[in-house]
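Dear colleague,

Please find below the structure that I am handing over to you. My findings follow directly after it.

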Amino acid sequence: MTILCVRFRLPPMYEAALPGLLGLLEEFTPVVEALPPDGALADLGGAERYFGRSAVELASVIRVRALALHGVDCVIGAGPSPMLARMALRAARPGVTCAVTEDQVREFLADQPVAALPGVGPATARTLDEYGLDTLGRVAGAPLSTLQRLVGARVGRELHEKANGVDRGRVVPNAVSRSLAAERPFSRDELDPDRHRRALLAAAEELGARLRAVGKVCRTLTLTVRYADRSATTRSRTLKEPTAHSAALVKAAYGMYEALGLQRARVRAVVLRAEGLAPAEQASHQLTFDPVDEKVRRIEEVADRARAKFGPRAVMPGSLAA
């Protein structure tokens, strides 16, 4: 068992703490892959030999250091591959690492629903379920040729391998978060377009504040609308210029929402993701003579200082809307 999947329990809008937490993991291994917005994979194969401790023991040390040095708790899953570590994370809880050993893989996977497998979407899960292949144990026991007829040659082979615990993925060291996401779930399936728009407004303002906090701008904004039947619609829009300006993000989010033409849609959540991140100091900004825009930018600066001093709730959502 050599792979850890760590999810830090970061408060909203505190993703700026992630680089320091990744640095904590890098004290044990250089093979760390960031999983934005709040997680990471760490290959501890070499660390186990170097420190003379198991991955579970090292996970306990990581948890204690994260709390002591950063005031952040974390949830950790451990497994012999990235896929199994990710799946183990779902069964973990604060203070207790969920570990899957080599000899436990088949038993661990057997009763898991097909949808629990990373990369299996709702459509594939429904197709398999129609043929009684609703658990990974049943998928693992099905003939490869049957799976390939149902979902295609390549997908069928990958599904068969993963259901049997074979994961060809590896931990790939990367830069910290190239995207940021903000989700707004509803307490019930929401039909009201005005509530949809208010949720988008709050998500866009959160993204803007988080981007400015880490000194980044985004080039692309992606909107995902999740519905009551568990389906989803995703749209992306390339912005006119890289920005962290909340008003520009709100405008783009509204534009994508309106283009969907939703009518009486039962929406469960809306998610905005800022992608194509780059350092703000390297981004060009189109000069404007609009006094309203300049006023909003100055208000943003004041609001950001208030958040930094008093916390993320210092500014009410929607208060920066132009």
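**Overview**

The secondary structure of the protein comprises 12 helices and 10 strands, where helices (H or I, at least four residues) and strands (E, at least two) are DSSP runs numbered from the N terminus. The model is predicted, so that local features need pLDDT of at least 70 and side-chain atom pairs count only at pLDDT 80 or more, whereas totals for chains, interfaces and linings use all residues. Residues are numbered from 1 along each chain as its sequence is written, and side-chain values use heavy atoms, with hydrogens and water left out.

Of the 322 residues of the protein, 42% count as buried. Here buried means under 20% relative accessible area, exposed means over 50%, and partly exposed lies in between (1.4 Å probe, protein chains only). Among contacts between residues at least 6 apart in sequence, 67% join residues at least 24 apart; a contact means heavy atoms within 4.5 Å.

**Helix packing**

Two packed helices are described by the angle between their axes and the distance between the axes. In what follows, axes are lines fitted to C-alpha atoms, for helices over the stretch in contact, and angles run from 0 to 180 degrees between N-to-C directions.

The axes of helix H8 (residues 144–151) and H9 come within 7 Å and cross at roughly 130°. H8 and H9 are therefore oblique to each other, on a scale in which angles under 35 degrees count as roughly parallel, over 145 as roughly antiparallel, 65 to 115 as roughly perpendicular and the rest as oblique. The crossing of H8 and H9 is right-handed; a crossing is given this name if the near helix is turned clockwise from the far one by less than a right angle, and is left-handed if anticlockwise. On the H8 side the contact is made by Leu144, Leu147, Gln148 and Val151, and on the H9 side by Ala153, Val155, Gly156, Arg157, Leu159 and His160.

One of these residues of H9, valine 155, is partly exposed, at 30% relative accessible area. The C-alpha atoms of valine 155 and glycine 119 are separated by 9.9 Å, and the two residues are 36 apart along the chain.

Helix H8 also packs with helix H6 (residues 122–130): their axes come within 10 Å and cross at roughly 125°. That angle makes H6 oblique to H8. This crossing is right-handed. Thr124, Thr127 and Leu128 of H6 make the contact with Leu147, Leu150 and Val151 of H8.

**Salt bridges**

Side chains of opposite charge can pair when their charged atoms come close. A salt bridge is taken as a side-chain nitrogen of Lys or Arg within 4 Å of a carboxyl oxygen of Asp or Glu, and by this rule the count comes to 12. Three of them are described here.

- Glutamate 158 pairs with arginine 154, with the closest N and O atoms 3.2 Å apart. Both residues lie in helix H9 (residues 153–163), four residues apart, about one turn of the helix. Glutamate 158 is partly exposed at 35%, and arginine 154 is exposed at 58%.
- Glutamate 183 and arginine 226 meet in a salt bridge of 2.9 Å, N to O. This pair links distant parts of the chain, 43 residues apart: glutamate 183 is in strand S6 (residues 179–190) and arginine 226 in strand S7 (residues 216–227). Glutamate 183 is partly exposed at 37%, and arginine 226 is partly exposed at 36%.
- Arginine 184 pairs with glutamate 206, with the closest N and O atoms 2.7 Å apart. Here strand S6, which holds arginine 184, is linked to helix H10 (residues 193–213), which holds glutamate 206, across 22 residues. Arginine 184 is partly exposed at 23%, whereas glutamate 206 is buried at 10%. Shared partners join Arg184, Glu206 and Arg210 into one network of salt bridges.

**Cysteines and a backbone angle**

How many disulfides are there? The count comes to zero, a disulfide being a pair of cysteine sulfur atoms within 2.5 Å. Cysteine 74 is buried, with a relative accessible area of 0%, and cysteine 98 is buried at 17%.

Arginine 264 has a phi near 55°, a positive value in a residue other than glycine. Arginine 264 is found in the loop between helix H11 (246–260) and strand S9 (267–275), and is exposed at 69% relative accessibility.

With kind regards
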